[in-house]
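Please examine the sequence and the three-dimensional structure shown below.

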Amino acid sequence: STRQNQPRSKSRKRSRSQNPSANTRLSAQDFVFGETLGEGSYSTVIRARYARTGQEYAIKILDKNHLIRKEKMLVALAEKNTLIKLGAGHSGIVHLHWTFQDDWSLFFVLDLATNGEMQTRISRMGSLSLACTRYYTAQIIDALEYMHDKDVIHRDLKPENLLLDSNFRIKITDFGTGKILESAEERAHSFVGTAQYVSPELLERNETSKSSDLWSLGCIVFQMIAGKFAFQGLSDYLTWQKIKSLDYTFPDGFDEDAKDFVTKLLVRDPLQRIGATRSPSSPSPLRNHPFLASINWETLWTDPAPPLEPGL
Ligand SMILES: C[C@@H](Nc1nc2c(c3cc(-c4cn[nH]c4)ccc13)C(=O)N=C/C2=C\CC1CC1)C(C)(C)C
C-alpha cells in the first residue's frame, strides 16, 4: 500500500503531513548519504537517498554548535519558515519535504536538482543562446512573482542559486537570507548578497525590497547573453563603485530587445524598474516585454527546455 512507499509523515492524511517539521520520526539513519553538492555559509548540501523508497533528495545539514556560536540559529529557522511558507506551490522553487535534527545537526530534506547550478552551465558554455536565455528568464520571472506575491524576497539571486532539475527546468534555491529577522540593527551587520548582483539601494541605504530581486535578474540576463558580469571590478569595492554609478556596457551583438529589457531592470531607482510596481492583480510588464514575446506562459513549465547551446 502507499503507506510503505511514502516517508511516514506523508502517510498521515491530516494537515500535519503538509508541515515538514511535523515529522519527528525521520532520522539520518533513514537515508543513505552520497556526494556533497555544495557548501553554504553555515551548511553543507549532500545528495541522499531515502532508503525506504529509493527516492533521491538533497539534504542541507546545519551544524548546531556553529549556528549557536555565530548566532545564526534564528537565521536558519527563518530560512526553514520561508521554505515552508513557499511550500510546494511552485515547481520553480526548491521544495522542503521534511526537517529533523539530532544532537549535533539540523537536517532539511529538499528537492534534488540533478542538473546542478546554472552558474556551472554558463561557465562551461561561455554564454547561453537567446532561446535558452528567454526560457530561463521567463521561468525565473514566474517563480519570482510567486515568491513576491507571498511577500518573500530572495535577496541573493544569482546563477549559483538557479538550479536545473532533471528536465533542465529552473529551481530557485538558497533562501538563506531570512528577511523575517532583519531588524535595522541586524541589517547593519549582516551584509547580504553577492558582490556582482547587489543592488545600488542595498549598497547605499542597506535597503532591499522585491525590486532588489529585479536588479539581480537584470544582472543575470546580461550575464547569460554576454557570458560575463555586467558589473565586475578588480575588487568587490570597485565592483560596488561600478554598480553605484551604473557603469556597464553591452558587448557588440547583444540582442536589441534584450538590451532594452536589461536597461529597464538596471535602473537606480527601485520603483522605476520594470515590474517593480506590479501587484498580484495587475498584468506584469515584465511578461509583456518584447524580449519575451515568444514565450507561451501557459505551457512554460511543460514545454521542453531548449537545448543548452552556446550563445554569442
Ligand atoms: C547553491 C547551493 N548548491 C546546491 N544547492 C542545492 C542543490 C544542488 C545540487 C547540485 C547538483 C546536483 N547534481 N549535480 C550538482 C549542485 C549544487 C546544489 C540541490 O539539488 N537541491 C537543493 C539545494 C539547496 C537547497 C538549500 C539551500 C536550501 C549551495 C552552494 C548553497 C549549497
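Of the 20 residues around the ligand, which come nearest? They are A58, D111, A113, E117 and T173, where a residue counts as near a molecule or strand if one of its heavy atoms lies within 4 Å of it. The structure is a predicted model, in which local features need pLDDT of at least 70 and side-chain atom pairs count only at pLDDT 80 or more, whereas totals for chains, interfaces and linings use all residues. Residues are numbered from 1 along each chain as its sequence is written, and side-chain values use heavy atoms, with hydrogens and water left out.

A polar backbone atom of A113 lies 2.8 Å from an oxygen atom of the ligand. For T114, a backbone N or O atom is 3.4 Å from a nitrogen atom of the ligand. E117 uses its side chain: an N or O atom there is 3.1 Å from a nitrogen atom of the ligand. On its own the ligand has 640 Å² of accessible area, and the protein covers 89% of this; such areas come from the Shrake-Rupley method with a 1.4 Å probe, and for residues only the protein chains shown count as cover.

The shell around the ligand comprises seven nonpolar, five polar and eight charged residues. In this classification, Ala, Val, Leu, Ile, Met, Phe, Trp, Tyr, Cys and Pro count as nonpolar, Asp, Glu, Lys and Arg as charged, and the others, Gly among them, as polar. Strands β1, β2 and β3 each supply at least two residues of this shell, and β1 gives the most, with three residues.

How are these strands arranged? Strands (E, at least two residues) and helices (H or I, at least four) are DSSP runs numbered from the N terminus, and two strands pair if DSSP finds at least two bridges between them. Strand β1 (residues 31-39) runs antiparallel to strand β2 (residues 43-50), and six bridges join them. A hairpin of three residues connects β1 to β2. Strand β2 also pairs in the antiparallel sense with strand β3 (residues 56-63), over seven bridges; here S43 has L62 in β3 as its bridge partner. The hairpin between β2 and β3 has five residues between the strands, and G54 in the turn has a positive phi of about 80 degrees.

On a 1 Å grid over the protein atoms alone, a cavity is a set of points where a 1.4 Å probe fits but cannot get out, and a pocket is an open set with protein on both sides within 12 Å along at least five of seven lines; lining residues have an atom within 4 Å of a point. There are two cavities of 30 Å³ or more, and the largest cavity holds about 80 Å³ of space. Its lining has 14 residues, with R155, Y197, V198, S199 and S216 nearest the centre. Helix α9 (residues 210-226) gives the largest share of that lining, three residues.

Key: A polar contact is a pair of N or O atoms within 3.5 Å; within protein, one must be able to donate a hydrogen and the other to accept it, and residues adjacent in sequence count only if both atoms are side-chain atoms. Grid points are joined across faces, edges and corners, and a volume is the space filled by probe spheres set on the points.
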